[in-house]
Amino acid sequence: MPLESLNNKKIRMRYVLDKLKNEYPNSKCSLNYNSPFQLLVATILSAQCTDERVNKVTFNMFKNYPTVFKLNELSQKEIGKLIYSTGFYNNKSKSIKKLCEILISKYNGEIPKTMDELHELPGTGRKTANVVLGNAFNIPGMVVDTHVTRITNLLKFVKTINAVKIERELEKIVPHEDWTLFSHLLIDHGRATCIANRPKCQDCILAEYCPSKK
Ligand code: SF4
């Protein structure tokens with residue numbers, strides 16, 4: 001495919017977004033939460049784990065420990081027991097315990113609303129910070145996960161697996177108000193059709209805009 005201008009990418013992206021919005025009208029974050037804090041914890045737990053499994057774990061956890069203050073009453077070991085089945089429970093429990101302590105001591109139990117502040121919190125990379133900004137605070141955030149990385153490369157909107165570069169490239173061609181939704185749409189499409197290693201191109205609503213269609 002010859003080098004595509006930024007303008008053409010923007011136009012192609014508009015068609016892709018229309019198709020995706022039409023196909024997945026209820027696309028949204030699949031983690032369950034009732035507050036920014038719960039979303040932050042759930043997103044930390046979702047690393048290397050399915051959202052379905054995380055929702056099972058957080059269902060009981062948030063029922064008994066819904067706030068940062070309640071969860072902070074537990075030791076790291078106790079948190080580890082609660083989240084054991086999400087995998088990497090040692091690292092995750094360490095991050096969550098430290099997170100609770102910092103949120104209470106530095107932010108009075110609130111979740112900060114800027115990328116710089118969020119990014120400094122334990123267990124909180126750019127992806128997690130963007131999930132929280134976009135879904136809990138309605139501040140558009142471009143979440144780059146494995147589905148977004150794979151599909152935007154297949155669609156030739158980007159040519160890199162570097163998450164920060166992908167974020168920057170997509171921010172140029174996806175309308176600002178759609179940043180948060182865009183990731184949800186691609187995650188839905190990655191689960192339903194553009195599945196890793198076995199994309200169903202013959203059934204794909206994006207086929208006419210995809211240079212990688214088979
Ligand atoms: S046409 Fe194929 S490779 Fe392209 S987005 Fe659709 S399923 Fe993925």
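This report describes helix packing, selected residues and the surroundings of the ligand in a predicted model.

## Basis of the model

Residue numbers start from 1 along each chain, following the sequence as written. The model is predicted, so local features need pLDDT of at least 70 and side-chain atom pairs count only at pLDDT 80 or more, while totals for chains, interfaces and linings use all residues.

Helices here are DSSP runs (H or I, at least four residues), numbered from the N terminus. Helix H2 covers residues 36–45 and helix H8 covers residues 126–136; they pack at an angle of about 145°, and their axes are 10 Å apart. Axes are lines fitted to C-alpha atoms, for helices over the stretch in contact, and angles run from 0 to 180 degrees between N-to-C directions. The crossing of H2 and H8 is right-handed; a crossing has this hand if the near helix is turned clockwise from the far one by less than a right angle, and is left-handed if the turn is anticlockwise. On the H2 side the contact is made by Pro 36, Leu 39, Leu 40, Thr 43 and Ile 44, and on the H8 side by Thr 128, Val 131, Val 132, Asn 135 and Ala 136. Two residues are in contact if their C-beta atoms, placed from the backbone, lie within 7 Å. The residues of the contact of H2 with H8 comprise 7 nonpolar, 3 polar and no charged. In this classification Ala, Val, Leu, Ile, Met, Phe, Trp, Tyr, Cys and Pro count as nonpolar, Asp, Glu, Lys and Arg as charged, and the others, Gly among them, as polar.

H2 also packs with H6, at an angle of about 160° and with the axes 10 Å apart. H2 and H6 are therefore roughly antiparallel to each other. Angles over 145 degrees count as roughly antiparallel, under 35 as roughly parallel, 65 to 115 as roughly perpendicular and the rest as oblique. The crossing of H2 and H6 is right-handed. Val 41, Ile 44 and Leu 45 of H2 meet Lys 92, Ser 95 and Ile 96 of H6. By class, the contact of H2 with H6 holds 4 nonpolar, 1 polar and 1 charged residues.

## Packing of H9 against H10

Helix H9 (residues 146–154) and helix H10 (residues 163–173) have axes that come within 11 Å and cross at roughly 60°. That angle makes H9 oblique to H10. The crossing of H9 and H10 is left-handed. Val 148, Thr 149 and Thr 152 of H9 meet Ala 163, Ile 166 and Leu 170 of H10. The residues of the contact of H9 with H10 divide into 4 nonpolar, 2 polar and no charged.

Leu 6 belongs to helix H1, residues 6–23. It is exposed, with 10 other C-beta atoms within 10 Å. A residue is buried if 20 or more other C-beta atoms lie within 10 Å of its own, exposed if 12 or fewer, and partly exposed in between, with C-beta atoms placed from the backbone. Setting aside neighbours within four places in sequence, Leu 6 is in contact with Lys 172 and Ile 173.

Leu 185 lies in helix H11 and counts as buried, with 22 C-beta neighbours inside 10 Å. Not counting residues up to four places away in sequence, Leu 185 touches Leu 20, Lys 21, Tyr 24 and Ser 27. Leu 186 also lies in H11 and is buried, with 26 other C-beta atoms within 10 Å. Leu 186 and Cys 201 are 15 residues apart in sequence, and their C-alpha atoms are 15 Å apart in space.

## Positive phi values

Phe 88, a residue other than glycine, has a positive phi near 50°. It sits in the loop between helix H5 (76–83) and helix H6 (89–107). Phe 88 is partly exposed, with 14 other C-beta atoms within 10 Å.

Asn 197 is not a glycine either, and its phi is positive at about 70°. Its place is in the segment after helix H11 (179–192). Asn 197 counts as exposed, with 5 C-beta neighbours inside 10 Å.

## Around the ligand

There are 14 residues around the ligand, of which Cys 194, Pro 199, Cys 201, Cys 204 and Cys 210 come nearest. A residue is near a molecule if its C-beta atom, placed from the backbone, lies within 6 Å of it. The shell around the ligand divides into 10 nonpolar, 2 polar and 2 charged residues.

How values were computed. Helices (H or I, at least four residues) and strands (E, at least two) are DSSP runs, numbered from the N terminus.
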